[in-house]
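Student: I am new to this model and would like a close look at one part of the chain and the residues around it. Could you take me through it slowly?

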Amino acid sequence: VQLQASGGGLEQAGGSLRLSCEASGPTSSTRAMGWFRQAPGKEREFVASIYRSGDATYYADAVKGRFTISRDSDKNTVYLQMNSLKPEDTAVYYCAAGSVPGSTEQWYAYWGQGTQVTVSS
């Protein structure tokens with residue numbers, strides 16, 4: 001499974017960005033997809049995840065109410081809509097795919113390259 005993330009960039013605080021992650025290859029084995037992020041000097045942390053069916057989503061407390069994860073199964077693509085951005089959201093964002101949604105990195109077998117999100121104050 002290959003994951004291609006896109007959509008990062010520079011945005012002002014309070015603005016919005018949408019990240020996309022397209023999966024290709026034997027995606028039938030990946031029932032869950034998620035987003036993680038890593039800020040400079042910090043460990044990578046969970047952001048959000050979703051089941052293939054789209055009926056179960058999970059969010060980190062830091063983004064709950066501001067970020068929305070969704071997926072288009074026909075396009076094998078997962079999205080992360082980020083609203084009300086804050087400078088502390090600045091990080092490299094990674095998409096991941098695995099069999100179980102949730103906040104544990106070890107549950108995700110496949111990872112995409114990161115996409116930089118920078119939020120200016």
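Tutor: Let us begin with Val 63, which at a relative accessible area of 1% is buried, a word used here for values under 20%, with exposed meaning over 50% and partly exposed anything in between, judged with a 1.4 Å probe on protein chains only. The model is a predicted one, in which local features need a pLDDT of at least 70 and side-chain atom pairs count only at pLDDT 80 or more, while totals for chains, interfaces and linings use all residues. Residues are numbered from 1 along each chain as its sequence is written, and side-chain values rest on heavy atoms, with hydrogens and water left out.

Val 63 belongs to the loop that runs between β6 (57–59) and β7 (67–72), where strands are DSSP runs of E with at least two residues, numbered from the N terminus. Setting aside neighbours within four places in sequence, Val 63 is in contact with Arg 37 and Val 47, contact meaning heavy atoms within 4.5 Å. Leu 85 stands 22 residues from Val 63 in sequence, and their C-alpha atoms are 9.2 Å apart in space.

From there we can turn to Tyr 94, which sits in strand β9 (residues 91–98) and is buried because its relative accessible area is 19%. Beyond the residues up to four places away in sequence, Tyr 94 touches several others, among them Phe 36, Gln 38, Arg 44 and Trp 111. With Gln 38, which is 56 residues away along the chain, the C-alpha separation is 8.2 Å. Arg 44 also lies over the face of the Tyr 94 ring, at 5.1 Å from the ring centre, a description that requires NZ of Lys or CZ of Arg within 6 Å of that centre and within 35 degrees of the ring normal. Arg 44 lies over the face of Trp 111 as well, at 4.0 Å from the ring centre.

Phe 36 is buried, at 1% relative accessibility, whereas Trp 111, at 27%, is partly exposed. The rings of Tyr 108 and Trp 111 are edge-to-face, because their centres are 6.3 Å apart and their planes meet at 65°. Tyr 108 is itself buried, with a relative accessible area of 4%, and Phe 36, Phe 46, Tyr 108 and Trp 111 make up one aromatic cluster.

The link joins Cys 21 to Cys 95, with 2.1 Å from S to S, and is right-handed, with 55° about the S-S bond. Because Cys 21 lies in strand β3 (residues 17–24) and Cys 95 in strand β9, the pair ties together parts that are 74 residues apart in sequence. Cys 21 is buried at 0% relative accessible area, and Cys 95 is buried with a value of 0%.

Note on methods. Helices (H or I, at least four residues) and strands (E, at least two) are DSSP runs, numbered from the N terminus. Rings of Phe, Tyr and Trp (its six-membered ring) pair if their centres lie within 6.5 Å; planes under 30 degrees apart count as stacked, over 60 as edge-to-face and the rest as tilted. A disulfide is a pair of cysteine sulfur atoms within 2.5 Å.
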